[in-house]
Amino acid sequence: MPYLKVSGTQFVDGNGTPVVLLGAGLGGWMMMENFISGFPGCEFHIREALAEAIGIEKASLFFEKFLDNFFAEGDVKFFKSLGLNCVRIAVNYHHFEDDMNPRVLKKDAFKQLDRVVSLCAAEDIYTIIDLHSTPGGQSGGWHADAGTHFGNFWKHKDFQDRFVWLWTQIAEHYKDNIWVAGYNLMNEPADPDPGHAGLINIYDRTYAAIYSIDPHHILFLDGNTFATDFTKFPDDSATRWGTNVAFAIHDYSTFGFPSSPEVYEGTDNQKATLKAAYVRKRKWMDEGNLCVWNGEWGPVYGRKEYDGEETDDINRRRYMVLRDQLEIYRKDSLSWSIWLYKDIGFQGMVYVSQDTAYMKHFGEFLSKKHRLAVDAWGADDKYVKHIYEPIVNLIKEEIPEPNQKLYPPIWNLENRVTRISRTILVAEFMAKEWAEMFVGMGDQELVDFAESFAFEKCEKREELNSILKFSANTAV
Ligand SMILES: O[C@@H]1[C@@H](O)[C@H](O[C@@H]2CO[C@@H](O[C@@H]3CO[C@@H](O)[C@H](O)[C@H]3O)[C@H](O)[C@H]2O)OC[C@H]1O
């Protein structure tokens, strides 16, 4: 069976039959994230903190077992049972290359990724390899695993050289694998250059490097500023990176988050707003007759432990947003990858049960994280907003208004101040506390923690899954 390809605006299989890629993002696995598995800050913080607290051997045991359990046979069978056909696998460059030993592949760099790609292939499920964090960080998000709010990737040529090098290693490794649909070169770039010159340049370089090794796989290219902006992409984009290219939007709607400006009722106006945001993101592709892939989207959900009696009502509305987005996508036969497959209970299709060793042990710690709004994603900052307000006001009063506007524009002044303070500063202090909660554990307890993430120990978000299943089975 030949490789999946892009043909015009569609994906097609070896017979030229159109394929709509429907699936989910495997985040939190080879790209660990705070709200997904319950730690503060970013992956490199907690890896360092845990090694310091319990020693490198025990920490490695925990992380290795975590990787083994987070996605295994039960997961892929369940995924298949919903009629989904593609897993977008988020990977962190730290798993392949050590910052202190750059351009040297780590021993067993591909062990876990090969395992999951093969599990999926055995069920006829495509995988897309998504390089979710780059050397130096391609954005100031926690998910760039850089521990800072600057995307230093854009400022250091050596980070960029390492990125290109890593892609040549991945391409060499998977060039003959037909179940790998392709390579999502960079998750959510945030190149501050007004002409997006850094992003275009890195796409040029990576395309050339990959295609000299592997001319067969699809390239999935995110727009700038968190996969929302293609306005500075060059006129020759339809051929510049070959023609086997899909352009990726991320279509998050504020209606699906606690920060929604209004309660979602699914009114005609609200549906029009949903649609307008989506149409705006894909406009550039539509004008050029290019292939669009929605690489991330999806609401977050209320939790009984934090949202109490309001939980069911919150979630009823979030499912309305989900359905309304899917209806828009269905009409366009859009390929999508919902965020997120698995987590500890905020967004995932399946989530770690409260009855597991991990969730029991970290319950109070997670409440504190929630109260302090230490994660940015979908955060409700009502308990700490007043703490940061004076800093916001200080900047408003003392800094000339035009200078208050910094890149990226989606982080307005308040968002920038509170985000940096909570998710980087406070989070850094909390990483040690998280790690210290492992002190004194024997190997079996560490394994029990890691096994808490196994499919068999997870709950299913039934309504989400049934909506996705229906959508996958009625896709046109
Ligand atoms: O790893 C993922 C990560 O990829 C994801 O990143 C966020 C995506 O949304 C960004 O904000 C949106 C930008 O577009 C506007 O139209 C939306 O309304 C915004 O929500 C945000 O800045 C990124 O951090 O987040 C979840 C992670 O797990």
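Mentor: What follows is a walk through the chain, some of its helices and strands, and a few single residues. This is a predicted model, in which local features need pLDDT of at least 70 and side-chain atom pairs count only at pLDDT 80 or more, while totals for chains, interfaces and linings use all residues. Residues are numbered from 1 along each chain as its sequence is written, and side-chain values use heavy atoms, with hydrogens and water left out.

Trainee: How many helices and strands does the chain have?

Mentor: There are 17 helices and 16 strands; these are DSSP runs (helices H or I, at least four residues; strands E, at least two), numbered from the N terminus. The radius of gyration is 21 Å, close to the 23 Å that the globule rule gives for 476 residues, so the chain is as compact as a globular protein of that length. That radius is taken over C-alpha atoms, and the rule is 2.2 Å times the number of residues to the power 0.38.

Trainee: What does the C-alpha trace span along its principal axes, and what share of the residues count as buried?

Mentor: The trace spans about 55 × 50 × 45 Å. Of the 476 residues, 57% count as buried (buried is under 20% relative accessible area, exposed over 50%, partly exposed in between, with a 1.4 Å probe and protein chains only). Among contacts (heavy atoms within 4.5 Å) between residues at least 6 apart in sequence, 77% join residues at least 24 apart.

Trainee: Let us turn to α17. Which of its residues are buried?

Mentor: Helix α17 covers residues 462–473 and reaches 16 Å from its first C-alpha to its last, close to the 16 Å expected (1.5 Å times one less than the number of residues). Its buried residues are Leu-464, Asn-465, Ile-467, Leu-468, Ser-471 and Ala-472. They cover an arc of only 160 degrees around the axis, which puts them on the same side of α17; the arc is that of the directions from the helix axis to the C-beta atoms.

Trainee: What is on the face turned away, and what covers the buried side?

Mentor: Glu-462, Phe-470 and Asn-473 are exposed on the face turned away from the buried side. The cover over the buried residues includes β4 (22–26), α4 (73–81), α12 (311–331), β13 (335–338) and β16 (458–460).

Trainee: And what does Ser-471 touch?

Mentor: Leaving aside neighbours within four places in sequence, Ser-471 is in contact with Leu-22, Leu-326 and Trp-336. Ser-471 has a relative accessible area of 9%, which means that it is buried.

Trainee: Changing topic, is strand β11 enclosed or open?

Mentor: Six of the six residues of β11 (residues 245–250) are buried, so this strand is largely enclosed by the rest of the structure. Val-245, Phe-247 and Ile-249 lie on one side, with Ala-246, Ala-248 and His-250 on the other, so that both faces are covered.

Trainee: Which strands pair with β11?

Mentor: Strands pair if DSSP finds at least two bridges between them. Strand β10 (residues 218–222) runs parallel to β11 and is joined to it by four bridges, with Leu-219 opposite Val-245. Strand β12 (residues 291–296) also pairs with β11 in the parallel sense, over five bridges, and Ala-246 stands opposite Cys-291. From β11 the chain crosses through helix α10 (residues 268–288) to β12 in a right-handed β-α-β crossover, that is, with the strands pointing away from the viewer, the path from the first strand over the helix to the second runs clockwise.

Trainee: What is the strand order in the sheet that holds β16?

Mentor: The order is β14-β15-β16 in an open sheet of three strands with mixed pairing. The edge strands β14 (342–343) and β16 each pair on one side only. Three bridges join β15 (residues 350–352) to β16 in the antiparallel sense, and Cys-458 is the bridge partner of Val-352.
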